[in-house]
Structures are given as C-alpha cells and as structure tokens.
Amino acid sequence: MLNTLIVAAGYFLSRVLGIIRDIIINAQFGTIWQMDAYQAAFQIPDLLYIVIMGGALGSSFIPVFSGFLGGERSDDAWRLANGVLNVALVVMVGIAALVAWQSEWCIRLIYHGFSPEKYALAASLLRLLLIQPVLLGIGGLAKATLESFDRFSVPALGSNLYNVGIILGALLFAPFWGVYGLAAGVIVGAVLFLAVQVPSLVRLGYRYAPNFDLRTPGLLRIGALMGPRLFGQSAWQVGLIISSGIAGSLGDGAVRANAIALQLMMLPHGLLALSLGTVIFPRMARAHSAGDSAALRRESVGAMRSVLFPVLPTAIILGVLAVPVIRLLFERLRFDAASTALTAQALQCYAVGLAAFAVAEIVVRTYYAMQDTLTPVLVGIATVALNVALAWLLVGRGMGIAGVGLAFSIASIAEALLLLVILWRRWGTLDGLWQALGAMLLLSAVFGAVLLGLRWLSAPLLPSILLGGAYQWPWGFVPLAAWSALAAVLAGACYMGLALLLRLPEAGALLARVRRLVRR
C-alpha cells in the first residue's frame with residue numbers, strides 16, 4: 001500500500017507539474033504554428049525513449065533482473081545492468097545520429113501540409129531535442145533498476161524534476177529564445193531526471209563497468225523478451241504520431257490542440273493506471289516466477305477493478321465538462337476561445353476511450369509479468385492499424401480533429417476487450433470482473449446523466465460552461481471553477497452512494513481510506 005501511495009503521489013505531482021507546464025506554455029504560445037513545429041519535433045525523440053528505454057526495455061529488464069536478485073545472484077544482476085546499459089547506449093546514440101542526419105526528411109514523412117517555414121523549424125528543433133532520449137534512456141534504466149528493489153520514491157522524484165526542467169525552460173529561456181527555449185528546458189529536465197537517481201543506485205551497490213559481452217547471463221533473454229515488446233510499442237507510438245500527422249493536415253493549431261487533449265486524457269491514466277501498474281508489475285512477475293497463478297490473477301483483476309472505479313466517472317467529466325476544464329486550465333493570454341474549441345473537440349472524443357486505455361495498461365503488464373510479450377504485441381499491432389485507418393476515414397469524412405480522438409478511443413476499447421477475452425479464456429475466470437464492470441457502467445451512466453442535467457439547467461445562468469458562451473479571464477474563472485467543482489461533487493455523491501448500495505468493494509475501500517485520512 002505504501003509503495004502504491006508513493007508512486008500515485010509521484011504521478012499526481014508529475015501530472016500537476018505537467019499541467020502547470022502546459023498552462024505556462026499555452027499562455028505564452030497558444031496554438032500558433034510554431035507550437036505545431038515544436039510538437040512535431042518533440043514526438044520523434046519521445047518515441048525513441050518511450051519505445052526503447054521507457055517501455056520495452058523496462059518491462060523486459062525488471063523480470064530478469066528481479067529473478068537474479070531473488071536467486072541470490074546479485075553479481076550477475078549488476079553485470080546484466082551494465083551490459084544492458086552499454087548496448088542500449090550504442091543503439092540509442094546511433095539511432096539519434098541517424099535521425100539528426102535526416103531530420104527534415106523524418107518530419108516530412110509524417111506531417112503533410114506544413115509550410116516550408118514550419119518544416120524548417122521542426123527539423124531544427126528535432127536535431128536539438130535528440131539529446132533528450134539518450135539522457136532519459138539512461139535514466140529509464142536506472143528507474144527500472146530501482147523499482148526492482150521496490151524503491152519507487154526516487155524515480156518518482158526524477159520524473160517530477162523532468163517537468164521542473166521544462167517549466168524552467170518556459171519561464172527563463174522561452175521569453176528570449178521562443179520555442180528553442182522550450183527545447184533547452186527539455187534537455188535540462190532530462191539531465192535532472194538522470195542525475196537524481198544515480199546516488200541511490202550507487203548506495204544499492206551499482207558500479208559502472210564497460211561490459212559489451214553479449215554472452216552476459218540474462219542479456220539475450222532480455223533481448224528475446226524485448227523484441228515483441230519493442231515491435232508492439234513501436235507500432236502504438238508510431239500510430240499516435242501518424243494520428244498527429246493526420247491532425248497536421250487540418251491547419252495551424254491542430255497538432256498542438258490534439259497534443260493538449262491527449263495530455264489531459266493521460267492525466268488520470270498516469271495517476272491511476274500507470275502508478276498502480278508500476279507497483280504491481282514486480283509483484284506479478286514474482287508471483288508468476290513462483291508459480292502462484294492465484295496470486296497473479298488476484299493482483300491483476302484487483303488492479304483492473306481499482307482502476308475502473310475512479311476512471312469511468314473521470315472520463316465522463318472530461319467528456320461532458322470538456323469546455324469548462326480547458327477554459328479553467330488554459331484559456332488566457334494567447335490561448336483563446338478558438339484554441340479552446342479546437343482542443344475540446346478532441347478531448348471529448350479521447351475521453352470515450354480513457355477507461356479502456358487505463359485497463360489495457362494493467363492487462364498488458366499482466367502478460368509481461370507472465371513473460372508473454374507476443375500476445376499483447378499482436379493485439380496492439382491490430383488495434384494500431386484500426387486506429388490509423390479510422391483516423392483517416394473519420395477525418396476524411398469531415399469530422400476534423402474529433403475524428404482523431406474518436407479513432408484512438410475505438411481502437412483502445414477494441415484492444416482492451418480483446419486482451420481481456422484472451423486472458424479470460426486462458427485463466428478460465430476473471431474473478432467477477434465482468435459483473436463489476438457492468439455495475440460500474442450503470443453507475444457511470446447515472447453519473448453522466450446528473451452532469452448533463454446540471455449543465456442544461458445552469459447554462460442560462462453561466463453561459464461559459466458551453467462552447468458558445470463568453471468567458472473572460474480572470475473574472476470568469478472563480479464562478480466557472482465553483483460551478484465545475486459543485487457539479488462534480490454532486491454527481492460524485494450520487495456515484496458513491498449507489499456504489500455503496502450495490503456493495504461494490506472498491507467503494508467501501510475508498511470510503512475507508514478517506515475515513516483514515518480524516519482521523520489522521
């Protein structure tokens with residue numbers, strides 16, 4: 001429980017800092033064309049880190065490294081860590097150099113409809129930002145190593161310092177260097193992310209050694225586990241970039257608005273699904289290694305239910321109250337009503353798939369804990385193809401940026417359902433997950449109806465809750481914030497009350513935690 005709270009708190013602070021970062025950046029730049037170029041450039045280095053070091057390597061490294069630690073083979077574990085670090089560094093630096101050489105070609109391959117100035121700016125920013133994945137890659141391996149020892153606080157701190165670096169770039173560098181100042185902040189944040197984790201690794205016994213021996217115990221096993229994961233993660237991230245490229249064909253501001261909407265959707269996903277998934281992954285891996293299938297199933301299904309209970313109403317809030325949420329967070333200075341309208345269209349459609357996207361995070365980690373990387377990869381590739389095809393179709397049919405978000409949501413729902421059905425057939429049971437899902441969907445329908453009713457009744461008195469209503473910063477902030485908080489509390493009270501009447505364990509557990517906090 002303590003580790004879960006530490007990681008959840010770390011993710012919460014990281015997401016809060018991310019929102020503060022976006023508030024500062026959006027107020028300075030809004031959705032102008034330079035931000036489209038920055039967003040286009042940022043996504044490629046981010047892809048390199050998330051795919052190779054942040055996702056594929058971490059999920060493959062932890063089970064093997066933890067196995068050595070559990071088998072009292074600490075020397076082999078540290079030798080493995082050095083081997084992975086050295087090989088990954090060679091790969092990352094080589095790929096970064098290749099992308100830098102062909103930077104403008106990479107941008108043109110993904111984004112169509114940019115002006116020559118936007119292409120040139122994006123390529124220049126890309127070459128600078130390629131320092132980021134190398135630094136984050138080393139930090140990502142350090143993070144995976146610390147988490148293998150159930151040390152979660154320092155990695156959480158590192159993630160927050162990464163955002164602090166970007167905020168410093170926006171405040172100190174951007175006023176003088178424009179979007180290049182944002183890129184400088186990204187690099188500062190990556191340095192901080194790595195630097196804060198090194199002392200903890202040293203205290204645990206890590207010592208660097210230039211080990212390039214491919215025969216290092218466990219190294220080939222990680223490569224075998226990483227291969228399908230790398231392919232699947234690449235497909236998913238490439239799918240997101242292609243979707244961003246499709247948004248780029250919709251005119252200036254669409255790429256940035258799409259990114260903001262996706263970031264807002266990722267806020268509850270990171271706080272609830274990623275934090276819990278990070279904590280339970282080593283436990284599930286150990287349960288599978290010990291042959292305790294009941295414990296593995298209990299951890300996995302319990303995590304899915306724990307995620308679904310708060311994520312479903314959160315998704316409805318982002319959908320029904322998209323305009324108030326975006327106005328409260330961002331609509332000021334250069335982020336105007338047109339930016340809000342564009343971003344809200346995307347957010348409402350991304351919200352449809354939030355719960356499925358969150359559950360898939362837990363389900364995929366369950367497969368990885370069982371050292372089955374092939375199944376989620378094959379399912380992931382199929383859903384990415386569905387996402388891209390639907391995005392082209394829906395945007396082509398005139399849905400605009402909303403089509404990009406809706407395609408993502410449909411693909412996320414398809415992925416989660418297919419992975420769950422396969423797991424259900426493999427285990428023979430999901431310990432009441434389907435029944436709990438049905439009850440939570442019913443509660444969510446009531447929650448949504450209450451929010452819609454409150455919005456309909458209040459619109460004549462507070463027009464800013466709707467897209468066409470006038471909103472002026474800062475005078476309109478307090479009444480809009482008060483109404484949004486009151487609406488969420490009233491709808492949430494109905495949700496919790498019905499959940500307690502239905503005796504959902506998640507409602508009782510949440511109420512008990514609140515009572516303990518109040519007593520303290």
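Q: In which helix is the place of Arg515?
A: This is a predicted model, where local features need pLDDT of at least 70, side-chain atom pairs count only at pLDDT 80 or more, and totals for chains, interfaces and linings use all residues. Residues are numbered from 1 along each chain as its sequence is written, and side-chain values use heavy atoms, with hydrogens and water left out. Helices (H or I, at least four residues) and strands (E, at least two) are DSSP runs numbered from the N terminus. On that numbering, residues 505-519 hold Arg515 and make up helix α20.

Q: Does Arg515 count as buried, partly exposed or exposed, and what is the relative accessibility behind that?
A: Buried means under 20% relative accessible area, exposed over 50%, and partly exposed in between (1.4 Å probe, protein chains only). Arg515 counts as partly exposed because its relative accessibility is 49%.

Q: How many helices and how many strands are there in the protein?
A: Helix α20, with Arg515, is one of the helices. The protein has 0 strands, and its helices number 20.

Q: What share of the residues of the protein count as buried?
A: The C-alpha atoms fill a box of roughly 70 × 60 × 45 Å, taken along the principal axes. The protein has 520 residues, and the share that count as buried is 57%.

Q: How many salt bridges does a search of the whole structure find?
A: Side chains of opposite charge can pair when their charged atoms come close. A salt bridge here is a side-chain nitrogen of Lys or Arg within 4 Å of a carboxyl oxygen of Asp or Glu. Searching the whole structure gives a total of 11.

Q: Which residue forms a salt bridge with Arg256?
A: The closest N and O atoms of this pair are 3.9 Å apart, and the partner of Arg256 is Asp22. Arg256 lies in helix α11 (residues 254-289) and its partner in helix α1 (residues 2-29), so the pair ties together parts that are 234 residues apart in sequence. Arg256 is buried, at 6% relative accessibility. The partner is likewise buried, with a relative accessible area of 6%, and its name is Asp22.

Q: Where do Glu361 and Arg365 both lie?
A: Their side chains meet in a salt bridge (2.8 Å, N to O). Glu361 is buried, and so is Arg365. The two are 4 residues apart, about one turn of the helix, and both lie in helix α15.
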